[in-house]
Structures are given as structure tokens and as C-alpha cells.
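Okay, thanks for making time, everyone. Let me put it up.

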Amino acid sequence: MSYWLQPKRYRRRIVLGLLCFASAVYILYSWIPNTPIHNCFQAVHLGADGLDDTLLQDVQQSIPQPTDDGRNIFFHETSCTKDGEVRLNARQACAIESAARANPAWNIYVLFAAPVGFRNRTAQPVLDALLEYRNVHLRYVNLTTYAAETPLEEWMESGEIYRSLYMNSHLSDVMRYLTLYKYGGTYLDLDVIVQQPFEKLEPNYAGAESVRWVAAGVINFEPKGHGHELADMCVRDLLANFNGKDWGNNGPGVITRVLQKYCHTRSTVHMTRERCRHFTVYPISSFYAIGYEDFKQFFEEQYLEQALLTLNQSIVVHVWNKFSKSHPVQVGSRVAYGVLAERHCPKVYRSCGTVF
């Protein structure tokens, strides 16, 4: 008998039963880790022919280790790579090269969340260009052990991160705070261009994205003292407030909440070094001079002079990959992103072909 021919009381029972079933499926899906994604970050990938070279070294065991003087720069690549091969696109490689060129005495660590290695490095000219820098180190992060003896140890073991709706982004959020807690130094997003050396900056800083938000694309904590105290506050805030359904809650949300308490103000304008006890929130012009709503200024020739003028004093340029990734740059064209790349990551820019 069809649904509509059933007596009314039975129809109610059918609907109630379907709702209960749907709820059970939802709960089950929400609490069981996504096995393929989980395996992507836990398993060692070897193709039928194996890898031509060894897997990247675990950053916790490799030489050189991050130094305790804070002269470390960290990038994180948290994509799930099914073939286990190291991959960086030209814009990511540009960010890394610009940091290495501007800070030649600092170690640059590019940390991959998935276990990856090299099968055929010559197929990626931008990687060859990047690895000409002796201070650039590609490393693997073993997520099983990386949080050991930190406030996030049990939380990472729970697999909560693999249930996030924005898993790659949120894993990057977790890793940046965890890395700075473990080692100290400077975290950078992979969609930046570094224009000035960090040597002149007093340790412990981030940058304002607006009057309300401290951004998480550039963060520096010294390995000890006030920097480590703040890093500890960040990982504990992450532990208490992680939300896998909110894209920004676990990145800028963490550093903003922590500094609002630490500095006793909700305005980034008032987060000065005096008020924040040895921490600086730099103005918007330092790291985020062109906001995400104006990202097209990086890609259209008509904005070249205006954009370069706006960015002239910026320490770091952020290009908002989430919005700009689908906007190509023809190598040699007179757009701001291309001009900045040619200036600050020349080896990668020359090796990337016709499109950057």
C-alpha cells in the first residue's frame, strides 16, 4: 500500500521513523572520522614503482632542527595528496622564496601534513628553483606524534580535526598554533609575498585585518617567555573553542580572542606593545594593506600604480588565495602580483612557464 493510502496514524509513525533514522545517520556521520581523509594523513604512500627518493624527513627528527632563538619561518601545506608526491604551485613557491630571500640567515620550514616524497622532481621546475635556497627545508609532520606532550595531545588523538567541514583549512589553523607552541618563530600563510626582512621586528607580533579582527596569516611568538605564554594561551583557546563548522573561528578567531583578553581591549587599534605586555598588533598597512574585498587590484593593470603605492611600506603582502586563486597572471604582464613576484621571487617566477 502506498504512503498516502496508509491511515493517518501510520503515516505519522512512518514520518517519525524516517526522522529517527535520518538523525541516527547524521550523528553517526558526524562522530566517525572520514576514513579516507584520515588515512591520507596517516598512511605512507608508495606507488607501484615506489618513490625514487625517500619520503620527506619528519620535522621532529630532521637536521637542522628549528632553533631556540626564534629565527624560524614556518609554512604549512595541509592538502591531502593521494599519490604521496611533494607538490607546490608557483604562488606557494613564490611565498617561500620571498621569505628565504628576505631572511637569508633564517631557516624556512615547509611542513607537509601528509607523508610525501619525490617521484620526479624535474617535473616541477618551481620546486627546483625553490630548493636552490639552502635555508629552505621541506619536511613532513607526523600528525600522530606532533601534538605529544602538548595541551592538544588528547584532542588530536580523538580525530576531531577529521570531522571538520573545512578540514584542510582547520588543520592549517591547528598546525600553526601547535608549531609556534613547540618551536617558536614566525608562521606565514602560503599566499603571501615577503617584502622586508623580519630581523628588524621585535619578537611577538601579528597584524590587524580590521578594527575588530587580528588576522592569523602572519604570527610571531618567541620560543620562550611572553611569546610561549601566548602560544600556550592560543592552543588552549583552540582546545576549548574549536568549531568544525565555522571557517574563521579556529584561525583569526583564536588569536583575536586571546589578544582581546591579554590586552584588555576589543579594538585592534588599541593593541599596542605597552598595553599588550610585549606583544605588537601591527596596523592593517603592515600585512594586509589591500583587503580581500579589493583583491582584484593585484590582477588588473589599471590598478598597478595604485596597488604598488598602497603596498610600498608593507612588510608582507597578502594576496587572499581563497578569492584570487582562479585569477591567472600572465608572466610579464604589468599587474601588481606579477610585478611583486618578479621582484621578490624571481627564480620561481622565471621557472613557472607562461602563467603564474
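This is a predicted model: local features need pLDDT of at least 70, side-chain atom pairs count only at pLDDT 80 or more; totals for chains, interfaces and linings use all residues.

So, the torsion about the S-S bond of cysteine 263 and cysteine 276 is about 120°, which makes this disulfide right-handed. By disulfide I mean a pair of cysteine sulfur atoms within 2.5 Å, and here S to S is 2.0 Å. The pair ties together distant parts of the chain, 13 residues apart: cysteine 263 sits in helix H8 (residues 252-263), and cysteine 276 is in the loop between H8 and strand S8 (280-282).

Residues are numbered from 1 along each chain as its sequence is written, and side-chain values use heavy atoms, with hydrogens and water left out.

Back to that pair: are the two cysteines buried or exposed? Cysteine 263 counts as buried because its relative accessibility is 0%, and cysteine 276 is buried at 0% as well. Buried, for me, is under 20% relative accessible area, exposed is over 50%, and partly exposed is in between, using a 1.4 Å probe and protein chains only.

How many disulfides does the structure hold? Two. The other one joins cysteine 94 to cysteine 345, S to S 2.1 Å. It is left-handed, with -80° about the S-S bond. This pair also links distant parts of the chain, 251 residues apart: cysteine 94 is in helix H3 (residues 90-102), and cysteine 345 is in the loop between helix H12 (336-344) and helix H13 (346-351). Cysteine 94 is buried, at 0% relative accessibility, and cysteine 345 is buried at 0% too.

Cysteine 352 still counts as buried, at 18% relative accessibility. Cysteine 234 is buried as well, with a relative accessible area of 0%.

Cysteine 234 takes us to a helix pair. The axes of helix H6 (residues 167-182) and helix H7 (residues 225-241) come within 9 Å and cross at roughly 145°. Those axes are lines fitted to C-alpha atoms, for helices over the stretch in contact, and the angles run from 0 to 180 degrees between N-to-C directions. On the H6 side the contact is made by Val174, Tyr177, Leu178, Leu180 and Tyr181, and on the H7 side by His228, Ala231, Asp232, Cys234, Val235 and Leu238. Contact means heavy atoms within 4.5 Å.

Staying on H6, there's threonine 179. It counts as buried, at 1% relative accessibility. Leaving out residues up to four places away in sequence, threonine 179 touches Phe74, His76, Leu111, Tyr146 and Gly184.

The peptide bond from isoleucine 63 to proline 64 is cis, with omega near 0°. Proline 64 is in the loop between helix H2 (35-42) and strand S1 (72-77).

Then which residues have a positive phi without being glycine? Asparagine 204 is one of them, at about 80°. It's in the loop between S5 and strand S6 (205-208), and it is buried at 2% relative accessibility. Tryptophan 320 is another, with phi near 60°. You'll find tryptophan 320 in the loop between S9 and helix H11 (321-324), buried at 9% relative accessibility.

Last, the overall picture. The chain has 13 helices and nine strands. Of its 356 residues, 53% count as buried. And among contacts between residues at least 6 apart in sequence, 78% join residues at least 24 apart.

How values were computed
Helices (H or I, at least four residues) and strands (E, at least two) are DSSP runs, numbered from the N terminus.
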